[in-house]
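Hi there,

Here is the structure I promised to pass on. Have a look at it first, and then read my notes below.

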Amino acid sequence: MSLITLLDAHLAYGDKPLLDGARFALQAGERVGLIGRNGTGKSTLLKVIAGALQLDDGELQRRDGLRIAFVEQEPEIPAAATLREGLLAQAAVRGATRTSDDRDRWRLQSRLDEYLQRFDLDPERDPANSSGGEKKRAALALALTLEPELLLLDEPTNHLDIDGIAKLEELLLKVPASIVITHDRAFLDRVTTRIVELDRGVLRSYPGNFAAYESRKTEELAAEEVANRRFDKFWAQEEIWIRKGVEARRTRNEGRVKRLERLRVERAERRERLGNVKLSLDAGERSGKLVAELTDVTKRFGERVVLDRVSARIMRGDRVGLIGANGAGKSTLIRVILGELPPDSGTVKLGTNLQIAYFDQLREQLDPERSVAETISPGSDWVEIAGERKHVVTYLADFLFPTQRAKSPVKMLSGGERNRLLLARLFARPANFIVLDEPTNDLDIESLELLEQKLQEYPGTLLLVSHDRRFLDNVVTQTIAAEGDGRWREYVGGYTDWVAQRPKPVRAPASKPAAAAPVREKAKTKLSYKEQRELAALPEEIEALEREQSEINSRMSSAEYHRQGGERIREDRKRLEEIEALLLDKFARWEALEELRGSLGA
């Protein structure tokens, strides 16, 4: 018997059908990758299977007593003194423990501690101070602890570094059955036994992994395009016939008229395949041959060395990928290269005639109150890309924003839409040096593949941070990888080449257990109470500064600003300089505390 069966399922939000007669069945032992464009309803489908949402029509059958665990895209942990206690409370709510049985609770806690350690989390950590990534890893740990018969995962690789993704892959291979939403193609290739695509309300199944799906899908799309062209031609011929005039109306037969009416209905109801993002990169003017050079650069945050006498040279046209665990210092290295963060020692030299576009998830904040169009082109209805002048609405359509969406405030956008908007803003500027810090989060597979293609065609210099292994393989020509203790090393090629070339990890001799000492050292090196309070307060302080910065910039860009007087203008400029310096310091401190916390598990 199937674990779950979906029969003629219908579900709509407003007039938009997410499920339109969808059918699906899952057998024990299957690992299904659920894919589809952003906004098609993948997360909604998982919620239906988990029992969190009801269908408008149709039926969902579950095997009696089926144990299901569901990890949402942005999970929350209940308030508690420790991460362990919060997760155990969540498990109790789900009925996973019998409070009268202390042995059952002890076994559950023991398994939970094991999985938390596998995901590099401290069970004693305060959940209130946990980042989104830590909450995601904690939710994954709890889900695996509960030993479900069916595991539902919504974007599980978000916030995980490459080692964390590899660990999750190994763990999922041992789960009885799973349905996973992810855009990580390497993950899908490694884990899945079947790909199910949600496309225009219908679920289509493809046996095998993602590579097998790609081959089948290419053939299907070509056949669909031919069929649509034939249909449109036949429909056009029938429309010509019905409009021939009086003579045709006298001789037409009723059956042909009814057939035309059916064709019109079918044509109107045919839901066209969603378009692709259209990216156009303007490389601007040619930079100098040398883009950046680091010589014996060292950078510390407190006692922790992030960069230890690092030397590297980036030349025009290089495509460099940065690889390293969360907290290794990838973002720090980028900011040192760009001159945003001074090194403690060593020298950084930037080349000549550089036009830099920097996609930084932390600093490229979007004003939630501004419209989508204003975000792209403040004060103008036009953008100029590679010498071509485009209306901002047309430009946004290239990034799959419909006309009415251009007027929407940013706060109404989904995570995927915000990421597309950031990319649209980035590519609206000429640049011969593009720096991308995790650009693939929340992008669907088709958009991700198009971004790959455009970056391959881009004639400028690229510096990329990503945990998407296939994206790295398809885009970069060399990698700079963190080797630990602030040491970085350059390798030729992408992720796969790095795996083949990197030094093999040194294992401790089997006769010498090495568990006790690191645990004692870790317990001694947690963030202090003062540091925890400082870390918790920094996001709000940064947000307040950025809000003030935005207000001053808006005031200065107004048409009447010149009437404020010279004194006010000088004060505003001075304050902007102060805010920029304060933001730089606070971001550096935030990054230092986050990296310290990540390295110590505090």
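In helix α13, the buried residues are Gly416, Glu417, Asn419, Arg420, Leu421, Leu422, Leu423, Ala424, Arg425, Leu426 and Phe427. Keep in mind while you look around that this is a predicted model. Eleven of the 13 residues of α13 are buried, so the helix is largely enclosed by the rest of the structure.

Next, the aromatic rings. The count comes to four aromatic pairs. In one of them, the ring centres of tyrosine 206 and tyrosine 213 are 5.0 Å apart and the planes stand at 85°, so this pair is edge-to-face (the cut-off is over 60 degrees). Another pair is phenylalanine 210 with tyrosine 213: here the centres are 5.4 Å apart and the planes are at 35°, so the pair is tilted. Tyr206, Phe210 and Tyr213 together form one aromatic cluster.

For tyrosine 213 the relative accessibility is 8%. Phenylalanine 210 and tyrosine 213 both belong to helix α7 (residues 210-242), and because they are three residues apart there, about one helical turn separates them.

There are also two spots where an arginine sits over a tryptophan. Arginine 389 lies over the face of tryptophan 382, 4.3 Å from the ring centre. Over the ring of tryptophan 498 you'll find the charged end of arginine 502, at 4.4 Å from the centre.

One last stop: asparagine 158. Where is it? Look in the loop between β6 (150-154) and α5 (162-172). Although asparagine 158 is in a loop, it is buried, with a relative accessible area of 9%. Which residues does asparagine 158 touch, leaving aside its neighbours within four places in sequence? Its contacts are Gln73, Lys136, Asn441 and Asp442.

Happy exploring!

Note on methods
Residues numbered from 1 in each chain as written. Predicted model: local features only at pLDDT ≥ 70, side-chain atom pairs only at ≥ 80, totals over all residues. Heavy atoms only, no water. Phe/Tyr/Trp six-rings, centres within 6.5 Å; stacked < 30°, edge-to-face > 60°. Helix = DSSP H or I, 4+ residues; strand = E, 2+ residues; numbered from the N terminus. Buried < 20%, exposed > 50% of the residue type's maximum accessible area, 1.4 Å probe, protein only. Lys NZ or Arg CZ within 6 Å of the ring centre and 35° of its normal. Contact = heavy atoms within 4.5 Å.
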